[in-house]
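Trainee: Hi! Could you walk me through the charged pairs in this one? Here it is.

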Amino acid sequence: MSSSEGRQPSYIDVQVGSRIKMQRAVLGMSQTRLAEALGITFQQVQKYEKGINRVGASRLSRIAEVLGVSISFFFENSRPAGADTTPSGTGRDLVSFLSTPEGLELNRAFARIADARLRRQLASLVTAIATTDVLKAPGVGR
């Protein structure tokens, strides 16, 4: 039996994998392209992204280099459930959101807006809409 068979992926392995997947998607990079840059199969990339296989330190360093991030990127806000001290799990919420097609599309479009003032106004608009939406949720403020 290999080391990955019969074991549940650890929380950290899953978080690192989801960060790899998120950054790869943000860059518009396929699993195949990442695998080729690393000299591995795309199936191995899939296993890393799902947390099924652990990513060794030297491989994680190379992944960070290929994806243009620091190694610490893969561990930011990585705490087991119940140990999160950010409001309402903000770090995990962001990773979850950016892993969706809508989150990825919104992130890419927002990054293309060159005017900083317009980006701030758009962020304020989205915040206002979200606040209004939360207040309209069933059982809130009633």
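Trainee: Let's start with Asp13: buried or exposed?

Mentor: Asp13 is buried, as its relative accessible area is 12% and the buried class covers anything under 20%. Keep in mind that this is a predicted model.

Trainee: Okay, and which side chain does Asp13 meet in a salt bridge?

Mentor: That would be Arg54, with an N to O distance of 2.9 Å. The two come from distant parts of the chain, 41 residues apart: Asp13 sits in helix H1, while Arg54 is in the loop between helix H3 and helix H4.

Trainee: And how accessible is Arg54?

Mentor: Arg54 has 54% relative accessibility, so Arg54 counts as exposed.

Trainee: Switching topic, how many salt bridges are there?

Mentor: The count is three. Another one joins Glu49 and Arg24, whose closest N and O atoms are 2.6 Å apart.

Trainee: Where do Glu49 and Arg24 lie?

Mentor: Glu49 is in helix H3 and Arg24 is in helix H1, so this pair ties together parts 25 residues apart in sequence. Glu49 is buried at a relative accessible area of 7%, and Arg24 is buried at 10%.

Trainee: Nice. What about Arg62, which residue is its salt bridge partner?

Mentor: Glu65, and there the closest N and O atoms are 2.7 Å apart.

Trainee: Why are Arg62 and Glu65 separated by about one helical turn?

Mentor: Because they are three residues apart in helix H4. Arg62 counts as partly exposed at 33% relative accessibility, whereas Glu65 is exposed at 57%.

Definitions and conventions. Residues numbered from 1 in each chain as written. Predicted model: local features only at pLDDT ≥ 70, side-chain atom pairs only at ≥ 80, totals over all residues. Heavy atoms only, no water. Salt bridge = Lys/Arg side-chain N within 4 Å of Asp/Glu carboxyl O. Helix = DSSP H or I, 4+ residues; strand = E, 2+ residues; numbered from the N terminus. Buried < 20%, exposed > 50% of the residue type's maximum accessible area, 1.4 Å probe, protein only.
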